[in-house]
Amino acid sequence: MKLFLNLTLTLSLTLFLFSCTKDEKPINLTIARNEVKQYYESGKYDEELNKVIADAKKKFNEVKFKENTVVIFDIDETALNNYGLAEQMDFGYVYELNKQWNAELKAPAISQVKELYEFLLSKGSKIIFLTGRNFYEYEVTYQNLVKEGYTVFDTLITQIGDETKMKAKDFKSGKRIWLTKQGYDIAGTVGDQWSDLEGYYHGIQVKIPNYLYLIED
Ligand SMILES: [Mg+2]
């Protein structure tokens with residue numbers, strides 16, 4: 001998962017811009033990290049997530065699902081939860097730990113997202129997983145999804161070749177154009193980054209909270 005690669009740069013840039021525009025000193029990194037930990041571990045993250053999923057269900061309840069209706073799910077911090085990995089890496093990025101975590105299928109499902117997935121299946125929706133993970137992790141990603149109960153889906157799409165150089169939003173939006181040309185009617189997108197949700201053919205946008213990292217493009 002290359003998601004954490006952008007963390008340091010993004011954080012530095014954000015802090016730099018913050019200090020420029022507001023003429024204030026940046027927040028101390030230890031304090032910022034503790035605030036994020038507190039948010040996740042005190043139940044506030046779950047509370048926010050419960051609201052997001054309840055709202056999403058209301059919106060999808062209005063949809064008339066047809067045979068070709070699909071909802072697109074992102075994987076990391078959407079279907080699967082890497083908070084344990086983030087903790088192991090002390091909220092930085094350690095390539096080997098990340099690789100090992102994925103290879104050992106360590107990521108649990110995010111239960112609220114899994115609930116939405118099951119709700120959509122019960123409504124007759126098809127499901128497709130679309131991730132920025134690289135093709136070399138296809139097999140372990142597939143296995144991790146199945147292990148966590150995501151057993152019914154049409155396909156899993158990872159990045160391959162030059163796609164790994166694309167901006168996340170362009171990659172995901174491009175795949176949705178392609179899926180639409182294949183005959184799918186995309187009713188919604190579920191993801192923790194706006195780059196999962198913006199662009200063409202996104203349908204209902206379900207923004208899963210993520211305070212661990214930001215993928216800006
Ligand atoms: Mg994600």
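Does L179 count as a buried or an exposed residue, and how many C-beta neighbours does L179 have inside 10 Å? The tour returns to this residue at its last stop.

**Before starting**

The structure is a predicted model, in which local features need pLDDT of at least 70, side-chain atom pairs count only at pLDDT 80 or more, and totals for chains, interfaces and linings use all residues. Residues are numbered from 1 along each chain as its sequence is written.

**The whole chain**

Helices (H or I, at least four residues) and strands (E, at least two) are DSSP runs, numbered from the N terminus. From the N terminus on, the elements follow the order α-α-α-β-α-α-α-β-α-β-α-β-α-β. Of the 217 residues, 31% count as buried; a residue is buried if 20 or more other C-beta atoms lie within 10 Å of its own, exposed if 12 or fewer, and partly exposed in between, with C-beta atoms placed from the backbone.

**The sheet**

Select the five strands next. They form an open sheet in the order β3-β2-β1-β4-β5, with parallel pairing; two strands pair if DSSP finds at least two bridges between them. At the edges stand β3 and β5 (204–207), each with a single partner strand, so one side of each is left without a neighbour in the sheet. Neighbouring strands are turned by 20 degrees against each other on average, direction ignored.

Zoom in on β1 and β4, which run parallel and are joined by five bridges. I72 has T189 in β4 as its bridge partner.

Axes here are lines fitted to C-alpha atoms, for helices over the stretch in contact, and angles run from 0 to 180 degrees between N-to-C directions.

**The core**

Select V71, F73, A79 and F129, the residues with the most contacts inside the largest nonpolar core, which has 32 residues. Such a core is a set of buried Ala, Val, Leu, Ile, Met, Phe, Trp, Tyr and Cys residues joined through C-beta atoms within 7 Å. Centre the view on F73: leaving aside its neighbours within four places in sequence, F73 is in contact (C-beta atoms, placed from the backbone, within 7 Å) with T78, A79, Y117, I127, F129 and V190.

**Helix α2**

Move to residues 29–41, the 13 residues of helix α2. The number of buried residues among them is zero, so α2 lies largely in the open. Just after α2, G43 takes a positive phi of about 100 degrees.

**Two loops**

Most residues other than glycine have a negative phi. Select E77, in the loop between β1 and α4: its phi is positive, near 65 degrees. E77 counts as buried, with 25 C-beta neighbours inside 10 Å.

Then select Y201, in the loop between α9 (194–197) and β5. Y201 is not a glycine, yet has a positive phi of about 50 degrees. It is partly exposed, with 17 other C-beta atoms within 10 Å.

**Last stop: L179**

Finally, select L179 in helix α8 (residues 168–181). L179 has 21 C-beta neighbours inside 10 Å and therefore counts as buried. Not counting residues up to four places away in sequence, L179 touches I128, Y184 and I186. The C-alpha atoms of L179 and Y201 are separated by 9.5 Å, although the two residues are 22 residues apart along the chain.

Note on methods:
Two residues are in contact if their C-beta atoms, placed from the backbone, lie within 7 Å. The expected span of a helix is 1.5 Å times one less than its number of residues.
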